[in-house]
Amino acid sequence: MKRLLIFLIILSTLIACTDEKVDGYVTYVGSPEGDTPAYFFTGDHYNFATFEPDKADVAKIVGSTIYVLNPYHGFMIMSIGLEGELEINGSFSLPCEPVKMHIEEYRAYIMCNAEHTYSFDEQSLSGTHSISSKLFILNIEFPFNIKPIGSHNFPGTITDFRKTGDMLYIVSRLRGVSTEGMDEGVEIPSRTLITSIDVSDPSNVTDLDQLHFDARIDYVIRTLVTSDRIYVAMPANENDPSYDGISSIQAVDISDPSGELVVGNKVELAGYINKDGQMYEHNGVLRVVSRWSDFVPVVETFTVSDSVSLSPSGSLTMDVALPDELHSVTFDASRVFIVMDESQDTVYSADLSNHAAPVQGSDIEISGDLHKMTFVGDRLLTLSHDSNLDQFNLSMFDVSDLNNAGMVASVNFGSEYSSVFDPKKPWFKWNNFMIQNFFEQNKVAIQFEGWDDSGYKSGIQLFFVDDTTLEINELVSHNGLPRMLFYHDQSMYSVKDEKIDVFRNNFTNSGSSLPLLREIEARVTIPNALEAQLVKDPGSLTYSLEIVNNPEATTPVSSKSLAYLGAINPLYEYWSNNDFSLKMFSIDNYIYLVRGEEPWHTSDESQMPAYKPLRVIVYDVRDPFAPEIVSNTSFNYPHGQIDIVDNTIIIMPLRREWYHPDQAPPVDALVYGIDMSDVTEPVISFEIPNTTDIEYKGFRRKGKLLISYHTEPDSSGSDHEKYFLDRIDFSDYSTPVLLEKINIPGMPVDFNPATGKIITLQNKLRTIETDEATCWQMGFYKSHYEDGQCKYSERTLNFLYLNGTEARINQIMSYDKGYISDVSLTDFRLFVQVSHEYFWVSEEDPRPILYVYDVDAALTYPLAGSVRLPSPYSTLTGASGNSAFITTFYPQTFWTANATNPDNITITQQ
């Protein structure tokens, strides 16, 4: 299941402008900061409009059709039925993170970010990361058969765009960095590009013109795109890239139908621009709020007489109580509202109706720290978090006269541990909020996440609003993390990555839900060609049991909520380290769920929560449309590592050294079994007592043997530990036998009882005398430099043969350059990944090497071949047959290394 989970911020800057064409560039991997659409309302008309009506979002509705960008499924087209229900008409998978879209009658322009590559130059001994964004042009005349008709690559990550006629204008950012050297690394300037392309012939998309702006690596440039021009904010002093006291704005004309980019005037500001939203153009006037060197905001206006001319018009230095960095700037047609970081309970206002003479209005005091504000005509709505009440506060202010702005009404909502979700920055949920105004209904809706001591409390809070009233209305419960909320034909739609919920009947009742993705933790087969799957809800973190007729089914045959079992690590319990375990097995027509929990604890026994015993729940699925519970049994044993053989559940518990003083301690067993022969009454069938303080690890089954290992202090009295391989013989499941332990060098990777082969991974502490630079550059595992000595761990693979109860070493595998980071074994191949700990300072190719060894009947493992992995950020995650599975972190991608022919190992991105 493909996931696009990388949302890193690219910090890019610009100080110099040139029209040099850029085909490729050295960059650092990442994604741009998302930009949040701003909303404004004019006069007495409650119309929901954006500053940029063509700017795309994650969802767009045209008539009765919804277009959605989904990180899992790519581009999706859905239709709205007569009762508001949704149906997927078609989709188009994307190989990168979808960020922008533009919809026309029969075409969709889809932009996605972060196709990442890494290359190493043997001559310069340095490596480069490259990012290219991509444009897909799709024919959507027939949604059930979406066809690509053109594509185009862009360097960097796309931050904004504008389509005018047959011209498409793209703003993209790059951040440069070099891997060369250690003490004096070479920084390559960050770069922002404006590119015009001709899309009149989608099958032959061509670049027409390009400008790029360079700056030092830590400067984030900001742009504002309108229908005729693009404003670029950059450091004012081009000759001194370290200077950041003030900014300048460069205008670039994009009105030429031929796609020519014309550099216009540049004006110097009174202060510094470092956030989105500090620039806004309306009716031929550019309005800017910058932060002056003494942290005082300055409002400036500029007349735009033509597409390339900027002329200073007016200026206002704001009077603020606590000068500081800007928290947020919000414009509407004739006003601006400013909030400072250190005084987020105060909104400063200015009247811009006479742009030549801006006037500061009255200060607006709100309750708590501001998250976001928006307008409903002459009413200002603010969302803040009230720390005194541990709730959200929604307030409405009359701002028709800025000299006498006053509160109309205020309400609190949300639970004690609520947070709000920013669809543009999903990794930082406290930054923004989602608000929509349903003006036919005089309603405002806000989606939020929430927990309290009784459990999950997320929802969509509805409010009644008019000129004089703000009242809290219904709370519509929902699960998941919403990205967008919109109103259409008397229905409310909540768009999430995982599903879309439809609410009808005055929004209090759900009309339908269209699942797009489910997080499946386990899947087992059951009779009648069906499958049962354990599905985790991403919002409430609770589970459900679903019966499906195929793995790709979006609608299950049946579904049973398992919320009664509790949630895994509730979000509000941020202080906890609960180890929640829910495992699923199936035998014939029954599904077994095994639930255990190891709760948090402290040295203060009064704070220890009650211990929850192990539970075994059995569902009868002979009728797949109506599964029924046939037993729900608790056992006073701790949970742990689980396997099942025949009708016996075998559990090796986690070690437990404490218990609640008011509870009887659970049974301390090395291994115990639960007999499931009678599904209505499971019973403990055996128990091997734990007579020592040893903690057994690495539980796995090999035929009739259960394998684990443990460590014991070295009898010599040193800090070293000895490793032992443990075997439990289950030839007779009613009376299992713990066999004699076997001393082995290091942690066991694998043991084959049939051949007697044992593989272990051993760490040996090493020390060499060298200088600090050499210590870091050698890329050892867990390097540490101190007092002229480089201390590190040497990792080796040991291959042993078991003769009775004695394990003898036949082969030791070590590597001079790099360290063993991951190992995977199949019946045919042994895969070993060798990595560098500090690759960015190495003058060698930092990409890990995947070594492939033959697994044969001999006692050794001969080397069969090797290959470089695709990125320095690669990880060997598993293997099957002749194939190894690789994931990369920048961005998260999945690869398969096929070693069927080890002389020619092929790596393919999936």
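View 1. I170 sits opposite T195 of strand 14, and T195 in turn stands opposite Q210 in strand 15. This is a predicted model, where local features need pLDDT of at least 70, side-chain atom pairs count only at pLDDT 80 or more, and totals for chains, interfaces and linings use all residues. Residues are numbered from 1 along each chain as its sequence is written, and side-chain values use heavy atoms, with hydrogens and water left out. Strand 13 (residues 167–174) runs antiparallel to strand 14, with eight bridges between them. On to strand 15 (residues 206–215): strand 14 pairs with it through nine bridges, again antiparallel. Strands here are DSSP runs (E, at least two residues), numbered from the N terminus, and two of them pair if DSSP finds at least two bridges between them.

**View 2. Strand 14 is covered on both faces.** Nine of the nine residues in strand 14 (residues 190–198) are buried, meaning under 20% relative accessible area (1.4 Å probe, protein chains only). S190, T192, I194, S196 and D198 point one way, while R191, L193, T195 and I197 point the other.

View 3. The order is 29-30-31-32. Strand 29 (369–376) and strand 32 (406–413) are the edges: each has a single partner strand, so one side of each lacks a neighbour in the sheet. From one strand to the next, the twist averages 20 degrees, taken between lines fitted to C-alpha atoms, with angles running from 0 to 180 degrees between N-to-C directions. Inside the sheet, strand 30 (residues 379–386) and strand 31 (residues 391–398) share eight bridges, and H385 has F392 as its bridge partner in strand 31.

View 4. D726 belongs to strand 57 (residues 721–729). K741 carries the nearest side chain of opposite charge, 7.1 Å away; a salt bridge would take a side-chain nitrogen of Lys or Arg within 4 Å of a carboxyl oxygen of Asp or Glu. What D726 does have is a 2.6 Å polar contact with the side chain of H710 (N or O atoms within 3.5 Å, one able to donate a hydrogen and the other to accept it, and residues adjacent in sequence counting only if both atoms are side-chain atoms).

**View 5. Y851 is buried in strand 67.** Y851 lies in strand 67 (residues 849–854) and has a relative accessible area of 17%. Leaving out residues up to four places away in sequence, its contacts (heavy atoms within 4.5 Å) include Y815, F831 and L863.

How values were computed:
Helix = DSSP H or I, 4+ residues; strand = E, 2+ residues; numbered from the N terminus. Buried < 20%, exposed > 50% of the residue type's maximum accessible area, 1.4 Å probe, protein only. Lys, Arg positive; Asp, Glu negative; His and termini not counted.
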